[in-house]
Every structure is written in C-alpha cells, then in structure tokens.
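Please look at the sequence and the model before reading on. The paragraphs below go through a few of the features that can be found there.

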Amino acid sequence: MREDLSVPPTLERLRRHLVGLRMPRALEMLDHMMRQIERGEVGALEALEALLAEELTLRESRRIKAALQMARLSTVKTLATFDFSFQPSLDRHRILALAQLDFITRHEVVHLLGPPGTGKSHLAIALGVEAVRAGHSVYFATLADIVASLGRAEREGSLRERIRFLCRASLLIVDEIGYLPISSGSGNLFFQLVNARHERGAMILTSNRGFAEWGEVFGEPVVATALLDRLLHHAVVVSIEGSSYRLRQHADLVPESLRPAASTLAQAQPRRRGRPPKPRGADPSNG
Ligand code: ADP
Ligand code: MG
C-alpha cells in the first residue's frame, strides 16, 4: 500500500503519539475535532482540552469498573437509587455526611443496624461505591464469607497472609452479621482480623442484631465483648427502625409473629433526639 501523501506529517505524528501513549479515545476523536477546528467551530485550545477530557473520562470509568470488581461490589446500589422517604427513621443527612468519606481517613467503624430489608446492605454498598469513585480501595464480603476464608487460611497455614489481604483495603465492608450462627473458633478468627484493622482501616458493618445479642451471634460472650471493644471505639452507629423494602407491597402477607420487632434494636441502641448517638467508648476527641 502506498503512503497517503495528503496526510499532513504533523497530524500523522500526533496520531502516533496518541497510540504510543495509549490514548484510544483521543485517537478516535481526533478527526472529528480536526473537522470542527477547520470549520472554525472550536479553537485549538478548546479542541485539545476536549480531547484530553474524553480520554480522562474513559480512563476514569475503566478504573471505577475494575475497582468495583476488585471490591466485589458487583450489584451497583447507589445513594441516588435509595428512597430515603421510605425509611423516615433514617436521617438522610447522616448518610450524606458519611458519603463525604471522612470516616475512611479517620479509620472509623460505621455500624448499620436494623431488621431485614431495611436497606443496610444497599447503603453499605452505596457508601462503598462512593469510596471507590473517590479513589479508595474497598473490599465487600459477608461475615460468613470472611470467617470461611479465614478458617480455610488457618487450616492451610496462611492465616497471616489472609489477614494481611483483608487489611489492604482502606474500607472493609462486612455484611450480614447475625444472620448465620458463627461456628466456635470462627469468632476468634474474626476478632484477629478486627484487631489487625483497628485504628488502621475503616469498616462498615451491617447487622440485624443489637449489640446485646452479639454474645449469641459469636457463640462466645468473651469474644463478643472483645470485638465490641474494638468495634465501638471510634464508631458511628446508624439504627434503621423501619419495615422491609422487599416486603413493601406484601407486608400484609407476613404473619404478625414474624414481623421484625424493632424494639430489640431500639433497646440495644436507644434513639436520641438531636445529636447522633455516641456509642460507648467513643473517643471524645473524635468529633
Ligand atoms: P438489608 O440488607 O437491610 O436486609 P437490603 O439493603 O438488601 O436490606 O434491601 C433489600 C432490597 O430492597 C434491596 O434490593 C435494596 O436495594 C432495596 N431497598 C431497601 N431499602 C430501599 C430504599 N429505601 N430505597 C430503595 N431501595 C431499597
Ligand atoms: Mg443485607
């Protein structure tokens, strides 16, 4: 094939630079931008800016996609799709304040408590998505997954490595504390992880059980006490006392005896007016 001599050498060099710099989107946009410049629709500086902005947008969306996969935040639930009007007990401003993500840099623990279907996982994921967008590393797993992986690692002699892996993300989300009973010994493994992350990395925990029931959840009151000691130090507790979003159209079909007793949580975490509740052991210097 003969070389097309009508292609100006500068433009050809520009194309090669874009290939060399791996800027596919800018390369794709180049001809379109050149035509716009020729027609006098945009200035050269504007065109250059638009080209780089396109490339940056592509890179940013790829980074976010990869980071969401790494975080295991597959189902994308966002704050935008959360209907705050459905949960009047939940202070929207507290969640939006958490979405500013200062709790991550302060290595705090956020507890989302409430009966099933009240949006705990949705909010935890949504905060995780915000964190990924802001450039934080995030890892999401259920408590059952975490203790299973720690147990496996212990049997294989790689517990330290596993704990180190789970300490790598700047935000660890532990979903579904309290749904499944934890086998004996597993509470201790989880404690080792929590202890390793304590004051070094942020966590979001979701649970359908009040703290008073953690002894039961972890099978061993001593372990539960030690866990709560770490997890309520520098902590933010958000209690949701509402009905299930999943059952919103069928609430009448659920027998009375199975409806969530909001009182269990209310007892463990009394709701106060005004200032957000400060958990036991919260650091007074901590806001
Ligand atoms: P939980 O973890 O508290 O059991 P989920 O967060 O899994 O509850 O919520 C159950 C389902 O209902 C999910 O699909 C979630 O996206 C949706 N959902 C819950 N609360 C809301 C809400 N207030 N607005 C929009 N969707 C909600
Ligand atoms: Mg859930």
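The model is a predicted one.

Several side chains place a polar atom within reach of the ligand's oxygen atoms, under the 3.5 Å cut-off for a polar contact. For histidine 122, a polar side-chain atom lies 2.6 Å from an oxygen atom of ligand 1. Lysine 77 has an N or O atom in its side chain 3.0 Å from an oxygen atom of the ligand. For arginine 246, the separation between a polar side-chain atom and an oxygen atom of ligand 1 is 3.0 Å. On its own, ligand 1 has 550 Å² of accessible area, and the protein covers 87% of that.

The next topic is the aromatic rings. The structure holds 6 aromatic pairs. A pair of rings is described by how far apart the centres are and by the angle between the planes. One of the pairs is made by phenylalanine 82 and phenylalanine 84, with 4.9 Å from centre to centre and 70° between the planes. This pair counts as edge-to-face because its angle is over 60 degrees. Both phenylalanine 82 and phenylalanine 84 are buried.

Another edge-to-face pair joins phenylalanine 211 and tryptophan 214, at 5.5 Å centre to centre and 65° between the planes. Are these two residues buried or exposed? Phenylalanine 211 has a relative accessible area of 6%, so it counts as buried, the limit being under 20%. Tryptophan 214 is buried too, because its relative accessibility is 0%. Phe211 and Trp214 also belong to one aromatic cluster, together with Phe190 and Phe218.

Technical notes:
Residues are numbered from 1 along each chain as its sequence is written. Chains are lettered from A and ligands numbered from 1 in the order in which they are written. This is a predicted model: local features need pLDDT of at least 70, side-chain atom pairs count only at pLDDT 80 or more; totals for chains, interfaces and linings use all residues. Side-chain values use heavy atoms; hydrogens and water are left out. A polar contact is a pair of N or O atoms within 3.5 Å; within protein, one must be able to donate a hydrogen and the other to accept it, and residues adjacent in sequence count only if both atoms are side-chain atoms. Accessible areas come from the Shrake-Rupley method with a 1.4 Å probe; for residues, only the protein chains shown count as cover. Rings of Phe, Tyr and Trp (its six-membered ring) pair if their centres lie within 6.5 Å; planes under 30 degrees apart count as stacked, over 60 as edge-to-face and the rest as tilted. Buried means under 20% relative accessible area, exposed over 50%, partly exposed in between (1.4 Å probe, protein chains only).
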